[in-house]
Amino acid sequence: MASQQPQLTAEELQKRQADKIEEIINAIHYSDKYTDDVYEYRHVILPKQLFKMKIIPDNFWNADQSALRLLSEKEWRSIGITQSLGWEHYEIHAPEPHILLFRRPKDYQPPVQPANVRRPVKETLRRK
């Protein structure tokens, strides 16, 4: 006699799905950086489960759906890729759509963030 598994609530199912997605995103592989005279490069290998779970939106694919198109920074960050500033998704290798090629100028320095401007302290109201 097979034991009956308890039914999961919608909230529990969402939590399991979110945990699975987080596990997949944590499995993204980032190569070491390599350089030429102009750029530094790295490749990012996406876990194949990311594709199987349909996490990547359809509009991120090229017209014949054989490979990802070039993605903007906002797009590649939205699928879980995390890198420092300045990286550009610059090339597609159709035989291996799960490998994204990135580059940025050699010796890239991120823009300097403005220092926190001190706001004037508001005068405290005195009780009369």
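**View 1. What lines the largest cavity?** In this predicted model, the lining is made up of Ala67, Leu68, His89, Glu91, Ile92, His93, Pro97, Ile99 and Leu100. Sorted by class, that gives 6 nonpolar, 2 polar and 1 charged residues. As for volume, the largest cavity holds about 40 Å³ of space, and the count of cavities of 30 Å³ or more comes to 1.

**View 2. Strand β5 and its partners, β3 and β4**. Running over residues 99-105, β5 is mostly covered, with 5 of its 7 residues buried. It pairs with β3 (residues 39-45) in the antiparallel sense, over 7 bridges; look for His43, whose bridge partner in β5 is Leu101. Strand β4 (residues 88-91) also pairs with β5 in the antiparallel sense, here over 3 bridges. On that side, His89 has Phe102 as its bridge partner.

**View 3. The largest nonpolar core.** This core has 17 residues, and the ones touching the most other members are Leu46, Ile56, Leu68, Ile79, Ile81, Leu100 and Phe102. Two or more core residues come from each of α2 (48-52) and β5. Nonpolar side chains do tend to be buried together in soluble globular proteins.

**View 4. Zooming in on Leu68.** Setting aside neighbours within four places in sequence, Leu68 is in contact with Leu46, Phe51, Ile56, Phe60, Trp61, Asn62, Ile92, Pro97 and Leu100. Leu68 and Leu100 turn up in the lining of the largest cavity as well, and both are among the core residues that touch the most other members.

Key: Residues numbered from 1 in each chain as written. Predicted model: local features only at pLDDT ≥ 70, side-chain atom pairs only at ≥ 80, totals over all residues. Heavy atoms only, no water. Buried < 20%, exposed > 50% of the residue type's maximum accessible area, 1.4 Å probe, protein only. Helix = DSSP H or I, 4+ residues; strand = E, 2+ residues; numbered from the N terminus. Pairing = 2+ DSSP bridges. Core = buried A, V, L, I, M, F, W, Y, C linked by side-chain atoms within 4.5 Å. Contact = heavy atoms within 4.5 Å. 1 Å grid on protein atoms, 1.4 Å probe; cavity = no way out; pocket = protein on both sides within 12 Å on 5 of 7 lines; lining within 4 Å. Points joined across faces, edges and corners; volume = space filled by probe spheres on them. Nonpolar A, V, L, I, M, F, W, Y, C, P; charged D, E, K, R; others polar.
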